[in-house]
Amino acid sequence: MIVLMLVIPVTAAGVLALARGRVATAVHALATLLMLTSGLTVAARALRGVEATAFGGVLRVDALSGWMIGVIVLVAGLAAAEAPRYAHGSGQRMFYALFHLMVFTMLLAVSTDDVGVMWVAVEGTTLASVFLVNFERSRASLEAAYKYLLICSVGIAIAFVGTVLIYYAEAVRQQGVVEHAAQGLRWTTLLALAPALSPRVLQPAFVFLVIGYGTKAGLAPMHTWLPDAHSEAPAPVSALMSGVLLSVGAYAILRFKPIVDAAAGPLFAARILIVLGVLSLAVAAAFLWNPGNYKRMLAYSSVEHIGLVGLGLGFGGVLGVSGALLHVANHGLAKSVVFLLAGRIRAVYGTVELSGVQGLLRALPVTGRGFLLGMLALMGLPPFGLFTSEVMIFAAGFGAGHVWASAAGLVLLVIAFGGLLRAAHAMLFGPPPHVAPTASGLSAVPMAAALAALVLIGLAWPPGLAAALELATRAIVR
Amino acid sequence: MTAITNLLAFFALGVTLVLVWRQSWRGRVHLFVVQSILLGVLAAAVGGLARRPALVLVAAIFLLVKTWLIPRVLMRMAAGAPLRPVRPGRSSGIPVLVAGGLVVIAYVIMLPISTLPAAALPTHGAMPLAFAMALIGLFICVTGRDALGQVTGFLVFENAIFALGVVATYGMPGLVEAGVFLEVLVVVLLMEGVVVQMRREHDSLDVDRLQELRG
């Protein structure tokens, strides 16, 4: 089943590279449905505690992988539903093919047990998405793609240094016998060996890994590519990048953390993640007060939320990690909906400048209301799920004695909240321009479902969610 | 094995330092090729002495990609650019000084790791050298004023990291090595596409012109 889940998007990408016109859209729809079915099946099984492996253990889906797979396919499904609005004309084949290729690389990154394969997969996400960032082929999108490619390639190469050092640590433990290098190093092996690995190698290794994968995750100060790439990419790609690609980077860090904790004590990794988390919140809060461009505003809001995830992972414990995982899911759903709606707003208003958009609620009732709800969710207000996960993260912080970091995080969160509120107010109210509302109604159903799910997570957890989250957390916290 | 890896890594570091000093684009590409040959031979030597045929194969592919394929693309990229210095009118004394400082930093970071008592790898002496090359590559990349300069820096960085992988692990699994090559190739090819488009739109490769996205 894991193999099937991975084969579907690759095959789809291959077919879509050749198909065109309506056939392509039909194939895209079919591939999306198959991806959702297979992904959710794999995720559901894993989240009930059934581990699955394939290819002699190279692919392994435990509850944590299952959680990530679930988030990826749901966000990809949302983005795929909007993709036909953007994929037309000469770029259609490239758009659909790279879209599914990107989904494949993300799914591979979270469903492999091999340190090296995960590195290759995360690198693949950059290669698959860089052309999509430059899809509009304007000056600004070219600049964004160039920055994205260069910064993320350097970042991923730094993560390679970290991976090499992990291998080296294993070679040191074996007193110079480098047998694992030939066959690959597994999480499961590493976790078992971790207490015997040298902390003097693992500490710098973790620093390189955090810088490298943190670049992908968009943690400040490695976030500089993010606002450009997220604001220049077409909306479905922004949704994918912001909603799940960042989380895949965070997932990579999360996988290494228990190994470093076991070898070098729990405080080392925690301190790094907390500092980067607070820094990300600070960078985002400072920018959100003067955004100028609403897609950039959403991109910086992603920096804010990835900072929160970093804080949750840093605070650690069952509460912190499960709060971070829940936040990944919540943010994925909320941010992708808002990015997709921002794409529609841009199509109608013809600008991404904040000053050019007002009266949204009256001009585009459906889109406007959706945007309002999504923004409220992103601000972390109840009854949306993000409120719940933020409470969990900060409860873990205060509980674990990180009082200053938690307090600083809360203050920055309030500042960011104010900035977002101001911008959303300016966009939603005011005199509406004379624009004709485009298609809505039926096409808004997937997004409405996502918002409904967020409310459900915020108010009363659906049956099974608590158990699933617990299982996913237990993959990291013993 | 210790002697040969140390010697090759040391020469490669020397070439990297000369690369920082050289300003002509063509000269830099030639130096990059020399560095690649040294590191390819290093990988082949480790593979041969440690009896790892896979690593010898990787070294062969590395030499093919880095000394033939990528320089060809680089020259094609540079074809339209004037043969001027990378940074006209600026002495290269300070960059070389900084690069020297980076070598010291590399030793400070890597020496405690590579000389762990239990580390019986005969190649450990080359680890700080490879890491120093990586830092210098990063430095060239960050300070590069145009797209070509940044690509050179990235390639030097990537080469050094390959060397670090070889001396620290005797070669990563085949799939990972393939991923590394794929990344370098795609990055260079994408960069060529970007450079072509940039030249068409801006009539220059100066990244200072890329200033539309701020904040």
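Two residues are in contact if their C-beta atoms, placed from the backbone, lie within 7 Å.

**Entry 1: the model.** I noted that this is a predicted model, in which local features need pLDDT of at least 70, side-chain atom pairs count only at pLDDT 80 or more, and totals for chains, interfaces and linings use all residues. Residues are numbered from 1 along each chain as its sequence is written, while chains are lettered from A and ligands numbered from 1 in the order in which they are written. I recorded an ipTM of 0.88 and a pTM of 0.92 for the model.

**Entry 2: the contact.** I looked up the contact and found 41 residues from chain A and 40 residues from chain B. On the side of chain A that touches chain B, helix 5 (115–133), helix 6 (139–173), helix 7 (180–183) and helix 9 (199–217) each supply at least two residues. Helices here are DSSP runs (H or I, at least four residues), as strands are (E, at least two), numbered from the N terminus. Helix 6 of chain A gives the most to this side, with 19 residues. I then sorted the side of chain A that touches chain B by class and noted 27 nonpolar, eight polar and six charged residues. Ala, Val, Leu, Ile, Met, Phe, Trp, Tyr, Cys and Pro count as nonpolar, Asp, Glu, Lys and Arg as charged, and the others, Gly among them, as polar.

**Entry 3: chain B.** I found seven helices and zero strands in chain B. I checked confidence (pLDDT, the predictor's confidence in each residue, from 0 to 100): chain B averages 82, and 86% of the residues score at least 70.
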